[in-house]
Amino acid sequence: MKELALHTGWKLHEAPLRWGVSDIGRVMAFEDGWMDCALPCDVRMPLIESGVIKDPVLADYSRECEWISNRSWWFVREFDISELDIGDGPVELTLESLDTWAEIFLNGSHIGTHKSAHYPFTFDIKCYLRPGKNVLCIRLTTGLEKVTEEQLAELEWSICHEKDAGHPERGDHRRTWLRRPQYNAGWDFLPKAFSIGITGGAYVRCLSVAEIRSVDLETLEAGKDAHLRLRAEVEYFNPIGCADADLDIMLRMDGVLCAYARVDDILLTAGINWIDLDVDVQDAKLWWPAGSGAQPLYDVEVCLECCGSKTAYPKFQYGIRTIRLDISRQEDGRRGFGIVVNGVKIFCKGSNWVPNDPIYARVCDAKYEELIRAAHDANFNMLRIWGGGIYEREIFYRLCDRYGILIWHDFMLACGAFPDHDPDFVREMENEADYQTRRLRNHPSMCLWCGDNELHRYFWYISLLKKNPDRQFGLRISNYVSKKAVHANCSRIPYWNSSPFGGEFPDSEQVGDTHHWNCSMHPDMEKRIDPMAYDLINHAFVSEYGYFGAPSRVAIESYFDGQPVDRLSGIWDHHNNDFEKGTVYGGIVKHYMDNPQSLDLDGYILYSGMVQSLMYGYSLEALRFKPRCSGALFWMFNDSWGEVGWSVVDYCLQKKPSYYGVKRAFSHRKLILRQVDGKLVVTGCNDTPDQVDTMAEVGYISLDGRVRDTRIVPLTLLPYSRSHILETDFPEGDLERGVVAVIPESMEIAPERLFACETRCLDMPDGEPRVLCVEQDGGLHLTITSDVFLHGVYIEGVNDCSDNYFELLPGQVKTVSIAARLRLMGSEFCRTLSVGEGLCSNA
């Protein structure tokens with residue numbers, strides 16, 4: 001056996017924080033108080049299981065758990081090496097993630113200190129091993145105790161904190177001195193809940209005399225045939241000699257060999273060797289983002305033969321594609337900012353991704369699968385991994401490869417000053433950047449590395465750089481350290497210094513991306529809740545903005561943990577985003593009804609969800625309508641815990657009404673209507689490689705369906721296009737009693753209507769939807785229609801369907817598919833199915 005997994009069979013004990021390296025004997029002497037655990041493990045997981053603490057995502061229990069940061073935590077695992085095939089090479093212990101300050105012991109000997117959760121601890125333990133049983137011990141703390149007042153003063157205490165947003169208990173100035181997840185220090189969207197633990201896997205591996213340490217596979221040309229280049233990094237462990245070796249690479253798809261290349265008679269010299277090998281793939285199948293093509297993945301094997309033994313690099317999947325960042329000059333003199341895949345400019349549709357739990361070690365693969373599939377089903381083609389979180393587990397990247405989700409990936413620096421004047425900190429960042437860029441470079445989903453989240457923007461406003469010209473407070477990392485790592489390890493993946501970044505100052509309209517918080521965080525309530533404000537944005541790429549909505553009843557009742565749900569209670573406030581500040585009620589008043597405080601819980605959830613859906617749907621359409629804009633990423637897709645907040649999928653994986661508004665706005669084939677200078681302008685979006693030609697009805701339709709002042713026009717959506725396809729005189733009609741709409745004949749493109757006034761201003765007639773038929777073929781398919789305009793038609797009790805919380809134009813026939821995995825029989829389901837009436841203007 002060459003590898004011994006150490007994922008199970010661990011024991012955990014707590015001790016005073018002051019107990020350090022010299023106290024291992026005292027810890028090992030404990031007979032009682034040990035808790036069983038398995039990896040990955042945050043200390044809160046066994047503490048919850050054993051009843052010592054309550055789950056910090058529930059109620060206000062997070063406040064009861066803060067003592068955990070003031071203790072040291074000792075993990076112990078025995079392992080037997082009798083079955084390991086130990087040869088001439090090293091025997092390496094790898095601990096994939098230690099959060100955060102770790103002291104590692106083997107058989108009582110201190111073998112290392114590790115200070116980062118963002119790259120593994122790897123060490124040759126061969127000379128420390130004993131025959132038979134061995135004992136591994138790891139002491140862990142948050143590392144917060146290592147940060148002094150003097151160190152904080154060196155940064156002028158310039159770290160974002162939530163005290164000014166009404167939650168002074170959220171945030172910790174010490175976080176930026178440590179290479180740990182920043183978000184669970186407390187942010188606007190979750191409380192303080194510092195992670196501590198072995199948050200990745202662990203294993204012992206016996207190496208051969210030579211090993212493939214890393215593989216870099218690059219697509220040089222992608223057409224009918226593809227030309228790839230492999231660079232293998234091979235380590236030869238004989239420190240004073242040389243050896244002959246052979247290296248080969250095989251690419252397979254569905255078990256069929258598609259490409260093979262080999263280099264013979266290589267001379268390996270002591271230490272590191274680099275071997276280059278070109279590979280040609282005939283009739284190559286290209287990888288595309290979702291909506292723009294398929295996502296074929298080749299199975300790649302790279303093998304080395306040396307000194308009579310054969311070793312293989314771990315198999316991986318690879319998508320053949322080229323990628324670049326287009327920042328070329330545009331006709332108006334400004335620069336663009338767009339992702340180009342296989343020579344095609346892609347409008348990036350998606351959201352920001354945050355860790356799925358403050359206790360991120362307990363997030364299971366099934367939750368990753370559910371969320372990435374939900375993003376794909378909502379017509380996303382991009383997720384941005386935000387710089388305040390974590391480098392995700394391998395499952396995340398593999399799912400993005402499979403589903404065609406491009407990844408904009410921040411390095412883990414966010415919202416504060418970082419000590420890049422400190423040599424130890426810089427060394428940790430160099431190790432982190434080197435490891436992560438090597439680890440992720442072969443994923444076709446990786447489309448951009450970004451240096452940080454909001455550091456450049458932050459320092460522009462507080463002018464720290466002018467006051468301290470001898471320091472860069474973290475900008476040195478983004479401007480030099482991470483940039484160099486990307487250039488050295490994966491230069492084909494574009495790099496951008498920060499988000500937002502570009503121009504003379506961040507958020508410039510001249511070049512780069514923007515975080516557009518001038519709406520939802522505006523002190524004027526009217527500016528927060530007006531969707532038309534997003535028509536005024538003129539940036540090349542919007543990588544953050546957001547709006548609030550309530551989570552599902554399932555989530556709310558979950559985090560109230562059996563207590564009565566009270567919107568005036570401390571628990572409600574604890575699970576309310578710091579920046580919400582009455583925005584939900586304000587939006588309901590503007591768009592639906594007065595006195596939203598009178599709504600019951602279900603009404604509050606429904607109406608807040610409908611407003612969030614409007615705000616996200618309209619704003620995303622506004623950005624997609626702009627020819628200059630090449631991407632729209634809202635904040636945020638998923639939740640770290642249950643709250644009234646930004647997400648469209650809540651902590652319990654329930655889709656909010658806004659999920660469907662986003663899905664419609666991101667349709668791969670889409671019409672967007674705007675009134676411009678007295679004209680009706682229609683933009684046609686076609687992300688696909690196939691042209692669509694259709695006739696369409698255009699004009700004014702009264703809400704009761706009796707007036708239909710329309711005409712028929714031809715429309716063409718070219719492949720991979722986004723352009724104005726129709727400009728006509730604006731139809732006449734009372735926009736409080738009717739709508740301006742475009743209704744294509746093609747079923748590939750949904751009918752659209754112009755948003756012209758708040759829903760509460762519409763004089764909607766009485767009416768109800770009719771279900772024409774129900775079919776079952778691997779799922780349920782409901783055909784629904786109405787004689788009059790209906791707003792907010794929804795199917796109750798369903799979390800997984802093709803559309804929900806939608807509108808019906810007079811006479812429109814719509815089919816809604818409900819996933820078969822609900823496991824409900826057709827006839828039984830129809831008895832419990834109710835199609836909710838449109839939300840009325842006077843509801």
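Reader: Is aspartate 283 buried, partly exposed or exposed?
Author: In this predicted model, local features need pLDDT of at least 70, side-chain atom pairs count only at pLDDT 80 or more, and totals for chains, interfaces and linings use all residues. Residues are numbered from 1 along each chain as its sequence is written, and side-chain values use heavy atoms, with hydrogens and water left out. Buried means under 20% relative accessible area, exposed over 50%, and partly exposed in between (1.4 Å probe, protein chains only). Aspartate 283 has a relative accessibility of 48%, so the residue counts as partly exposed.

Reader: Where does aspartate 283 lie, and what is its phi?
Author: Helices (H or I, at least four residues) and strands (E, at least two) are DSSP runs, numbered from the N terminus. Aspartate 283 is placed in the loop between strand 18 (271-281) and strand 19 (298-306). Although aspartate 283 is not a glycine, its phi is positive, at about 50°.

Reader: Which residues does leucine 277 touch, leaving aside those up to four places away in sequence?
Author: Leucine 277 belongs to strand 18 and, at 8% relative accessibility, counts as buried. Its C-alpha atom is separated by 7.0 Å from that of valine 263, 14 residues apart along the chain. With contact meaning heavy atoms within 4.5 Å, leucine 277 touches Leu228, Arg229, Leu230, Leu247, Ile249, Ala261, Arg262 and Val263.

Reader: Which residues does tryptophan 274 touch, on the same terms of up to four places away in sequence?
Author: Tryptophan 274 is also found in strand 18, but its relative accessibility is 54%, so tryptophan 274 counts as exposed. Not counting residues up to four places away in sequence, tryptophan 274 touches Arg231, Ala232 and Glu233.

Reader: What is the phi of tryptophan 157?
Author: Tryptophan 157 is located in the loop between helix 3 (149-154) and strand 12 (197-198). With a relative accessible area of 37%, tryptophan 157 is partly exposed. This residue, other than glycine, has a positive phi near 55°.

Reader: Where is the peptide bond from aspartate 99 to threonine 100 placed, and what is its omega?
Author: Threonine 100 is found in the loop between strand 7 (98-99) and strand 8 (101-106). The bond from aspartate 99 to threonine 100 is cis, and its omega is near 5°.

Reader: What is omega for the bond that joins serine 499 and proline 500?
Author: Proline 500 lies in the loop between strand 29 (495-496) and strand 30 (514-515). Serine 499 and proline 500 are joined by a cis peptide bond, with omega about 0°.

Reader: How many Å separate the centres of domain 1 and domain 5?
Author: The domain bounds come from an automatic or database domain assignment. They give domain 1 (3-205), domain 2 (209-318), domain 3 (343-666), domain 4 (668-761) and domain 5 (764-842). Taken over C-alpha atoms, the centres of domain 1 and domain 5 are separated by 50 Å.

Reader: What is the radius of gyration of the protein?
Author: The radius of gyration is taken over C-alpha atoms, and the globule rule is 2.2 Å times the number of residues to the power 0.38. For 843 residues, a compact globule would have a value near 28 Å, which agrees with that of the protein, 28 Å.

Reader: What share of the residues in the protein is buried?
Author: The protein has 16 helices and 45 strands. Of its contacts with a separation of 6 or more, 71% are accounted for by residues 24 or more positions apart. Among the 843 residues, the buried share is 62%.
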